[in-house]
Amino acid sequence: MMEALLHGTIDFLKLYWAPLLCGVAVVAVLPLIVGYIVLVERKLMADMQARLGPMRVGPHGLLQPIADAVKLLIKEDIIPDNADKLVFWLAPVLSVGAALLSLAGLAIGPAFQIAQDINIGILFVVGISALGIFGIVLGGWASNSHYSLMGALRSSAQLVSYETAAGMALVSALLFTGTLNIKSIVEAQSKEGIWFVMLAPVAFFTYLVASIAETNRAPFDLPEAESELVAGYMTEFSGFRWSLYFLAEYANMIVVASVATTLFLGGWLRPFASVPWLNVLDFLPALLTVAVAAYCIVRVPKQPTRVQQSFMMAVAGLCFVVGLALVAPVVLPVAKPFYAGIHGGFWFISKVSLYIYFFMWLRFTIPRYRFDQLMRLGWHFLIPLSIINVLLVGVALIAGSYFHLQGWGLLLVTTPAAVITLVAALLILAVDKERDARHDPNAASDFYAG
Amino acid sequence: MLPIGHYLFLSLALFIIGVIGVVTRRNVIVVLMSIELILNAVNINLVAFSRLYGDVAGQVFALFIIADAAAEAAVGLGIIIAFFRNRETVLADEMDLLKW
Amino acid sequence: MLDKILFYFFAAVAVASAVLMVTRRNVIHSAIFLITALLATAGIFLQLRAEFLFIVQIILYVGGIMVLFVFVIMLVNLDVALQQIQFARQKWVALLVALALAGQVGLMFWSSGKMPGQGLPVLTAAVASNLPPNSETVAHSLFDAYLLPFEIASVLLLVAMIGAVVMAKKRT
């Protein structure tokens, strides 16, 4: 019995060592990455507000995430008086578990995937990330506080409302692939030679808005805004528990960005991947990194102290080495097999970063939605829009296959579909505004708005 | 690699636990949750036999059962909310008047 | 080997969660244990190579129905309900009847494997490697042979949605 178990374990490890290693790498590196995404956000926020951001801890504030992590870990763990201890412990675990598990289904480049080749890839990612709702609801419940409960109910109502719109936007893009497998979706974009964002722009826009609401980011962050409900469902969680919720929120951001990148932005494909005479674009990643290295070297003499100068030179050296690693698979024939993995990873990460940059940009620019406005946007606008979009994209696809259109030719049928969807969207907005104007201003507002 | 009896006994166990929950508990919400457990036991049975005979009809049937369970849970919980609003109780023993 | 370990693990989690669900005093704890029982059932579906049903169970049952349950439990929560008797007066008779039912069905399963010349069929793993993709097979079947039940199910869901909204609305 024990012999069989041991043999079974060894066989399992021999088969699945690569995905296990990827999984361990992701789980180990993710808190660090999330910390640095937060630093980037603070620096961006500072830049858009004409100030500098964290500058003290480490050169240019680069050690700030480490300091934050240490602070969170050594904070006192306070549990409210009548809180339900089992649920209080379980809620952040559910949030983080759902976020990390859905990261397992993603493919960061053709070689790096934890759950290899699942047939239901995209559905797995979307479905498991929906389990994070329980972390929010149970967290608000377990805190035994009115503000937490209201924040939790509002947040989960928002998540549930925008999940439908996000799912249907994904369906519009999936109509072009006919499969849910992540690698096949990117291969379909490579085969057609066109990213699905061009073929289904309305779906991309819907998914963008819905994913901002799904991750509780501004302008949809009423449930966790400080001026509203004192951080909502996260109010009573302190120290490590709060950092788990935080990690879950940013991991969710990475997940929705990765899903949008895979389905709409071509995954790990280079721009114009199927056009051979644009292969010179293969040098673009290396050029970008070398440009960053050159900029760092130019700024070295302008640093005030020796430490910062040497740090800048170290960063420049690192960027240069990365640039070399990026140009090697293109130029050296011995490194050619690594081309797909390395360049695929670079393009995927840069597209995900672009998507997250857009999230951050919106956060610092647009004011917050009130909760009833938020629900109205989700139910009255986005869901009808995504349903109409699915219908019209389906019609466009059938027309396209009737006329034997492929690749860029499909734009001939999908652009009219997108235009009709936009006209329908404007009609929906007009009808909604008129119905809103007729609404009795003295009527009692509904449950969630109060 | 497993004889189908394993799945049948698992399904039976879940079914019986669900039945015990339905006939024993006073809280109507726990009764509804036990009904969901019963439906899941039936689903396991269906999918196991679908896999045994290679016929996907079992899985399609299980899919319809899941859709039906969603509909029934929604309506049942709506009834519970309406009743709670009037009588302030969720215990089955105290729901004993047709009209007052 | 992996199949057996997965089955026993998910089966143990499912049965333990089910027992805990039926016996908890706090309804939220019951809901959490039902969530784990449903996740274990989804694991059993995955172990049976029915991956589409696995993800549908997680999205619909755990991500939809259980969220609805948890919402309603929070709405109708009474602190006084925690102090009251949880089990009805007929609990011993009911338990006896349920165990009688279990005995009957269990005896039927057990004896059907012991009949001469007829064992309980074994699910073979050899078929698993060349199974067609599960989602496509279910989709072909759903939109081909079972199209009418599919449409009726969507009408059913519409009716249930309208009914639930009407039932739960405040009478102003």
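User: Before we look at the helices, what makes a crossing left-handed?
Analyst: A crossing is left-handed if the near helix is turned anticlockwise from the far one by less than a right angle. In this predicted model, α6(A) passes α15(A) in a crossing of that left-handed kind.

User: Which residues make the contact between α6(A) and α15(A)?
Analyst: From α6(A), the contributors include Arg154(A), Gln158(A), Tyr162(A), Ala165(A) and Met168(A). From α15(A), they include Phe371(A), Leu374(A), Trp379(A), Leu382(A) and Val393(A).

User: And how do the residues of that contact divide by class?
Analyst: The contact of α6(A) with α15(A) has 14 nonpolar, seven polar and one charged residues.

User: At what angle do the two helices pack, and how far apart are their axes?
Analyst: Helix α6 of chain A, residues 146-174, packs against helix α15 of chain A, residues 371-402, at an angle of about 15°. Their axes are 8 Å apart.

User: Why are they called roughly parallel?
Analyst: Angles under 35 degrees count as roughly parallel. The angle here is about 15°, and α6(A) and α15(A) are therefore roughly parallel to each other.

User: Changing topic: how is chain A divided into domains?
Analyst: Domain 1 covers 14-74, domain 2 covers 82-268 + 364-372, and domain 3 covers 270-331. Taken over C-alpha atoms, the centres of domain 1 and domain 3 of chain A are separated by 21 Å.

User: Now the chains. Which pair shares the most contacts?
Analyst: Chains B and C do, of the two pairs of chains in contact. In that pair, 72 residues of chain C are in contact with 62 residues of chain B.

User: Which elements of chain C supply at least two residues each to that side?
Analyst: They are α1 (2-23), α2, α3, α4 (91-112), α6 and α7 (147-168) of chain C. The largest share, twelve residues, comes from α3(C). By class, the side of chain C that touches chain B has 57 nonpolar, eleven polar and four charged residues.

User: How many residues of chain C are in contact with chain A?
Analyst: There are 19, and they are in contact with 22 residues of chain A. On this side of chain C, α2 (27-47), α3 (51-75) and α6 (134-144) each give two or more residues. Here α3(C) gives the largest share, ten residues. The side of chain C that touches chain A divides into 14 nonpolar, four polar and one charged residues.

User: What separates chain A from chain B?
Analyst: Chains A and B do not touch, and their nearest C-alpha atoms are 14 Å apart.

Definitions and conventions:
Residues numbered from 1 in each chain as written. Chains lettered and ligands numbered in written order. Predicted model: local features only at pLDDT ≥ 70, side-chain atom pairs only at ≥ 80, totals over all residues. Contact = placed C-beta atoms within 7 Å. Helix = DSSP H or I, 4+ residues; strand = E, 2+ residues; numbered from the N terminus. Nonpolar A, V, L, I, M, F, W, Y, C, P; charged D, E, K, R; others polar. Domains from an automatic or database assignment. Axes fitted to C-alpha atoms, helices over the stretch in contact; angles between N-to-C directions. Parallel < 35°, antiparallel > 145°, perpendicular 65-115°, else oblique.
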